[in-house]
Amino acid sequence: MQETLLEFFKKTGKPHRLEEILRRFGLEKREAKAYLKALVREGLLEKKGSQYFLPAKVQGPISLHRDGYGFVRLPEGDLFIPPGYTLDAWPEDVVEARLMPPGRDGRPWGAVERVVRRARERVVGTLDFRRGYALLLPDEPGLPELRLLPEGLEGLERGSRILVRVHYGKRPYGEFLEYLGKGEAPETETEAVIAKYGLRAAFPEEVLKEAEAIPLEIPEEELGRREDFRALRVFTIDGVDAKDFDDAIHIERLPKGFRVGVHIADVSHYVREGSPLDQEAFLRGTSVYLPGRVLPMLPERLSNGVCSLKPGEDRLVLSALFELGEDLRVKRVRFVEGVIRSVARLTYTEVEAFAEGFGLPEAHAFLAEDLSLLLDLTARLRQKRLEAGALDFSFPEVKVEVEDGTLHLIPQQEPRARSLIEELMLLANRAVAEHLVKKGLPALFRVHEEPLEEAYAKLRQALARLGYSLPEALSPKALQGVLLEAKGRPEEPVVAGLVLRSLRLARYAAENLGHFGLAMEHYLHFTSPIRRYPDLVVHRVLKAALRRTLTPAKKARWLETFPSVAEHASERERKAEAAERELTKYYMARWAELHLGQRFTGKVTGVASFGAFVMLKNGVEGLVRLEALGPYTYSEEAMALLGPKGRRIRLGDELEVVVAGANPRLRQVDFVPFREEEKPASAKGPAKEQPPTKRGRKEVGMRKVVGPPKERHRDDRPERATVHTVYFGEWQPKEERRTEPAPTRPKRRRRRR
């Protein structure tokens with residue numbers, strides 16, 4: 001009867017009084033109260049006054065631990081889900097959980113009632129065969145083995161990396177989609193990452209045909225109706241290896257100020273709304289820059305061809321023209337459709353060298369005066385922005401380049417050159433946002449909401465342990481003050497990391513919610529339409545306004561569709577960033593493999609009960625385990641590892657380490673502390689033959705685990721294994737114990753008397 005009553009409440013979805021239950025089911029009062037009381041005791045119903053109702057439910061992504069429990073991530077804090085109550089959810093699935101009465105510890109908990117949305121439709125893994133069945137061993141820790149349908153597996157060997165589609169149900173199974181390669185070669189790993197995040201590599205035939213049909217020459221009538229900037233010194237500044245130049249700049253000295261032009265490639269002229277090109281660009285959302293490979297949003301004929309602002313060639317642009325006073329206040333801004341002919345293609349390296357006092361290459365020497373003006377102007381713009389409270393994160397950027405199979409980790413060190421372009425792009429983005437808001441036009445805004453109260457409270461506590469204070473009232477100016485206070489100190493990257501983690505993710509939205517990090521009321525993306533779909537959408541809106549062609553029907557359609565476009569663009573951006581980050585970590589782990597036993601100096605970026613994370617100058621981060629450090633203990637209060645004789649390892653401390661191990665498949669690197677009595681082994685020769693640790697442990701056959709222990713990978717799992725620590729252990733074969741009989745005394749014979 002309890003089940004019948006519960007189903008009744010679920011079906012109606014509203015509260016009911018005891019009298020209603022009695023009339024509905026013809027129960028005795030005592031009997032009905034007993035059933036209802038039991039349902040309340042089990043947390044299946046709640047009672048308030050004389051009414052019974054279903055308990056509150058929450059929705060959010062779930063994270064699962066190997067021991068069976070999980071947490072539903074909610075804005076107000078994580079909800080604990082005990083073992084046996086996670087239903088059939090997989091990690092990161094969006095689930096609906098029912099809130100249960102607090103247990104003996106007084107903490108709330110929940111039970112998953114249904115999976116609202118699956119996090120993955122496709123899974124990458126290794127093919128295995130067992131007991132007559134084909135199985136997929138997923139790459140992602142925490143995912144279960146999947147039995148596979150036999151179709152498409154003919155001729156594939158055990159160990160093949162494949163992509164499968166997941167069919168969920170009581171017993172999920174996989175359907176073969178694509179063969180990715182064999183083993184852990186970089187090409188295979190790249191294909192695996194592309195498949196895992198659902199990135200689009202090849203363009204459909206109809207899209208390529210449309211791109212090829214675009215003429216390279218600009219019709220005279222199109223040139224004639226646009227404002228002509230070809231007589232001005234318009235130029236581009238990009239990275240050395242850049243191919244798609246979507247922004248160009250120029251500056252003119254006025255009697256009482258400056259005129260600055262920001263010219264952006266007019267991609268919307270070539271990519272018509274609703275065309276195959278447009279639909280493909282929407283699906284991709286963004287260009288993806290993987291180490292050694294680029295997945296562009298637009299075919300090469302556009303991205304590197306007719307839309308790219310190459311020097312010496314006529315190009316169509318959408319321009320923002322600013323007239324600035326000597327105090328850099330914007331006196332006038334004008335948006336026009338134009339045509340430019342770039343006079344030079346400068347690189348960040350050249351501009352940075354010029355900023356440091358070196359001259360420009362002879363071919364670009366005529367731009368020296370323009371660059372001097374721009375460097376001074378943008379430095380002052382930046383200072384004004386910071387004074388207004390904009391957050392300034394100066395994390396070291398490391399670019400991963402793969403050339404002819406050789407790996408290069410290149411720190412990006414052109415701060416003034418990159419800041420020059422960044423400030424002008426921010427100026428243009430802000431101006432376009434303000435213009436569209438003022439006109440009451442729909443747009444895709446780049447929004448960044450302020451941190452949640454709980455996140456800010458945790459940040460205040462963490463910074464207080466490092467000696468920094470924040471006021472109770474949240475403001476970007478207060479956060480910027482802390483960042484400036486930490487500038488130049490050893491803990492600077494740690495402070496910046498703590499502040500960054502407290503912030504919410506920036507995203508796209510159809511409503512203007514402001515940008516907390518930039519301390520701007522109006523902001524959007526306008527300056528990169530070759531590689532970001534939201535920028536292309538903004539171009540269409542701005543051009544419709546300039547041409548006065550925005551009909552009420554089109555405006556209504558955009559208002560209706562922009563929210564879903566914003567959500568899709570945000571999702572594609574997150575997937576692209578995750579793919580870039582994961583493959584970068586893979587290559588960094590491969591770099592570590594090539595430098596086993598070598599000694600480096602790094603900075604401590606994190607401390608925990610299992611050890612310390614250390615980042616080298618080239619961006620490679622690894623873990624120094626607690627057992628390798630010696631008798632250290634973790635102090636949450638001090639945010640440090642405390643050792644004997646007052647020693648401590650704190651965030652921001654320098655630490656000399658030796659590369660002890662690497663696992664590219666798991667994207668993990670292990671370090672051990674360098675000690676003077678150790679002689680670091682040469683990097684020459686087989687990596688596995690070098691004993692990197694003082695204890696002389698061999699890396700052969702030993703799997704390092706960075707992070708709380710995950711499910712063991714089956715490809716090289718020993719037959720018998722044990723974990724040596726609760727967190728961050730290492731998997732090692734058990735030593736076979738000899739069971740020799742214990743020595744015994746010879747039996748004493750009793751004398752017969």
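Q: What makes strands E9 and E12 a pair in this predicted model?
A: Five bridges join E9 (residues 122-130) to E12 (residues 160-167). Pairing requires at least two bridges, so E9 and E12 count as paired. The two strands run antiparallel.

Q: Which residue of E12 stands opposite Val123?
A: Val164 in E12 stands opposite Val123.

Q: In what order do the five strands close into a barrel?
A: The order is E9-E10-E11-E13-E12, and the pairing is mixed. From one strand to the next, the twist averages 50°.

Q: Which strands does helix H4 lie across, and at about what angle does H4 run to E13?
A: Helix H4 (residues 186-196) lies across E9, E12 and strand E13 (173-182). The angle to E13 is about 150°.

Q: Why is Arg131 called exposed?
A: Its relative accessibility is 80%. Exposed means over 50%, so Arg131 counts as exposed. Arg131 is found in the loop between E9 and strand E10 (133-138). Although Arg131 is not a glycine, its phi is positive, about 55°.

Q: Why does Glu92 count as partly exposed?
A: Glu92 has 36% relative accessibility. Buried means under 20% and exposed means over 50%; Glu92 falls in between, so it counts as partly exposed.

Q: Where is Glu92, and what is its phi near?
A: Glu92 sits in the loop between strand E6 (79-81) and strand E7 (94-100). Its phi is near 75°, a positive value in a residue other than glycine.

Terms used:
Residues are numbered from 1 along each chain as its sequence is written. This is a predicted model: local features need pLDDT of at least 70, side-chain atom pairs count only at pLDDT 80 or more; totals for chains, interfaces and linings use all residues. Side-chain values use heavy atoms; hydrogens and water are left out. Helices (H or I, at least four residues) and strands (E, at least two) are DSSP runs, numbered from the N terminus. Axes are lines fitted to C-alpha atoms, for helices over the stretch in contact, and angles run from 0 to 180 degrees between N-to-C directions. Contact means heavy atoms within 4.5 Å. Buried means under 20% relative accessible area, exposed over 50%, partly exposed in between (1.4 Å probe, protein chains only).
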